[in-house]
Amino acid sequence: MPTLRQQVHRLRGAEVLDLVADVLVIGGGPAASWAALTATEAGARVVVVDKGYLGTSGATAPSNTGTWFVPPGAEREAAIARRQLLNGGLAVPRWIDRTLDMAWQRLHTLADWGYKFPNDDSGKPYLNNLRGPDYMAFMRRRVLRAGVAILDHHPALELLTDSGVIAGAAGIDRQRNRPWRVRAGAVVLATGGCAFGERMLGATGLTGDGYLMAVEAGATLSGMEFSAQYACAPRQSSLNKGMPFSWASFFREDGTRLDTANKDRHVVVARALLEGPVWAQYDKGIPELRLWLRQGQPNCFLPYDRTGVDPFTQRFPVTLRCEGTVRGVGGIKLTGDDCSTGIPALYAAGDAASRERMTGAITGGGGPNSSWAIASGVWAGRAAAKFAAREARRIRDRRVTGIGRAGLRPALSARPDASAGDILETVREEFLPLGRNFFRGGATLRQSLDRLDRTWAELRDHLPGEGLAAVKSREAAALTATSRWAYASALARAESRGMQRRLDLPATDPEFVCSFEVSGLDRIDVTRSEIPGAVAQ
Amino acid sequence: MIEIVSADRCIACDICVKVCPANVFDPVRQKPPVIARQSDCQTCYLCEIYCPTDALYVAPCAEGPTGITEAEVEAAGLFGSYARALGWRRGKPGGSDKDPTFRIRVAPR
């Protein structure tokens, strides 16, 4: 039998790229890479499709990210206990432990494979950090070497089903304007979180596509109210990287200093930004830090070096960038330890999956999410391969149907004047402002939901999704749907907890040590569920 | 955003067309690629480091083009500056083993 890569080559002149695989992975970041590698190890024939390029796609590739790398035993127990004090009581120690355990194993594997970790002063490889561009270039080589067929610039537009079982996906090759279809025994969604159209490196293309595809298939999301994570960035820049700001002072326009001592600097800066411009300067820290920061976080200095600012001696204007569910929490609810979603043959990994059980109500940004991408990718890839093995002989003979609707197949007449670009602006206006999302309130949430519900009804009925235009139309649909799921969940959680900051309900209410699950497209249903294994504080 | 494809430096290898996660470039036969969808650029700077000849320049403003010229970028020595800071050479990875971030993580705050 020809390999999948040979099949892709043979079909290069065909009108439609039509493939049959055991496992289809959708996405191009670390979770997708680990899922593809693990499914291959388990004997599956794997195709990866990504909207961009596996190696540069997603939030990890342009970043320098910590890993959550804690040895088993007392040190790990202590790390879990520390985290439990912060996470709002919604995380489950067993899930933190198994995430840490798998990341511990696979980061060692990465070192064995030859990824170039730096050595610390004791001469031991420092596995607590991954440099994004290098890590993802390395993962691409590994995935290719494993025999996986990678289809870059092949956005998935919809899932395929056969009598309620997920049977693949279809989309378009956006560089050749050619439709593709992959029938597969199981599908892993590793499409990342949603940054709601924010201009931010690695995240502007994260538009919630996987959430939309999963909910269309009948899946549920959870933790979507925890979508109000923001990061400091030099104003107008794409650099939402917080590390250098740990040594920054912040100032109002009149030069007075903001008091961030023992406070969440994001909240202090957000309040000040609502009143006027905020400036920062990296004026704290020991002298050696300047060199380490420049060498260790070089992308953070591009905005300064390219505009002639010395951030250690000069003040520069800052903003807060919305990181949505990328460094937030919400995503596809997992129904089992194997990253299953409750929909047969559909698995979720990385930021596409809800990280609520690992990180609770606070950000998993940096280390935890990076370790989660590894662990959940491994679990999902393994389970998808196992599921597909049972289906293997039947995949080719299946009668599959595309289940994508909004942004692909308008319910009523397509209107050429309906614009995906206008919809994106609407989502930005409702979801990015500090006064709407960072600080929330019942009245503003309802007002935003009204507008977003109307936008949804319009696009569902009239937004055309033909040919290449379908890519932006589907993104517009996913962004609109995701902002509605997030705000509907934020209304249901009638309290403040972690990153959900309700100005009208500032207290944390012990009644709300629970999850909110959200589903549905035209009518959104939010249901409360208890968290088995959660340890309330 | 991506602002400059230097015709002097570019060897028309089209690697940027392939690696840009936002599909910003269009290839042109035997010529430098064109910036076809500039507003889709997410200012991630990765095209710069994958470019084997340091022919690309991404301005740090993510909101819109600044209009900076190739001569200005050249004069300021900014072509390839991010790749050099990382230790990437000719579009290939390098330097992750020299990352001092482990020192930053334990530095006093």
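**Figure 1. Helices H6 and H15 of chain A crossing in the predicted model.** In this predicted model, helix H6 (residues 209-216) of chain A packs against helix H15 (residues 469-492) of chain A at an angle of about 80°. The axes of the two helices sit 8 Å apart. Angles of 65 to 115 degrees count as roughly perpendicular, so that is the label for H6(A) and H15(A). On the H6(A) side, the contact uses Asp209(A), Tyr211(A) and Leu212(A). H15(A) answers with Arg474(A), Glu475(A), Ala477(A), Ala478(A), Ala481(A) and Thr482(A). Sort the residues of this contact by class and you get five nonpolar, one polar and three charged.

Figure 2. Chain A splits into domain 1 (18-226 + 325-396), domain 2 (229-323) and domain 3 (420-525). Note that domain 1 is written as two segments, 18-226 and 325-396. Going by C-alpha atoms, the centres of domain 2 of chain A and domain 3 of chain A are 29 Å apart. Their contact draws seven residues from domain 2 of chain A and eight residues from domain 3 of chain A.

**Figure 3. A closer look at the domain 2 side of that contact in chain A.** Which elements supply at least two residues each to the side of domain 2 of chain A that touches domain 3 of chain A? They are strand E10 (229-234), helix H7 (265-275) and strand E13 (316-324) of chain A. H7(A) gives the most here, with three residues.

**Figure 4. Chain A, for context.** Chain A carries 15 helices and 18 strands. Its radius of gyration comes out at 22 Å, close to the 24 Å that the globule rule gives for 537 residues, so chain A is as compact as a globular protein of that length. Its C-alpha atoms fill a box of roughly 70 × 60 × 50 Å along the principal axes. Of the 537 residues in chain A, 57% are buried. Take the chain A contacts between residues at least 6 apart in sequence, and 76% of them join residues at least 24 apart.

**Figure 5. Chain B and its run of elements.** Chain B has five helices and four strands. Starting at the N terminus, the order is β-α-β-β-α-β-α-α-α. A box of roughly 50 × 30 × 30 Å, set along the principal axes, holds the C-alpha atoms of chain B. Buried residues account for 45% of the 109 in chain B. For chain B contacts between residues at least 6 apart in sequence, 57% link residues at least 24 apart.

Key:
Residues are numbered from 1 along each chain as its sequence is written. Chains are lettered from A and ligands numbered from 1 in the order in which they are written. This is a predicted model: local features need pLDDT of at least 70, side-chain atom pairs count only at pLDDT 80 or more; totals for chains, interfaces and linings use all residues. Domain bounds come from an automatic or database domain assignment. Two residues are in contact if their C-beta atoms, placed from the backbone, lie within 7 Å. A residue is buried if 20 or more other C-beta atoms lie within 10 Å of its own, exposed if 12 or fewer, and partly exposed in between; C-beta atoms are placed from the backbone. Axes are lines fitted to C-alpha atoms, for helices over the stretch in contact, and angles run from 0 to 180 degrees between N-to-C directions. Angles under 35 degrees count as roughly parallel, over 145 as roughly antiparallel, 65 to 115 as roughly perpendicular and the rest as oblique. Ala, Val, Leu, Ile, Met, Phe, Trp, Tyr, Cys and Pro count as nonpolar, Asp, Glu, Lys and Arg as charged, and the others, Gly among them, as polar. The radius of gyration is taken over C-alpha atoms; the globule rule is 2.2 Å times the number of residues to the power 0.38.
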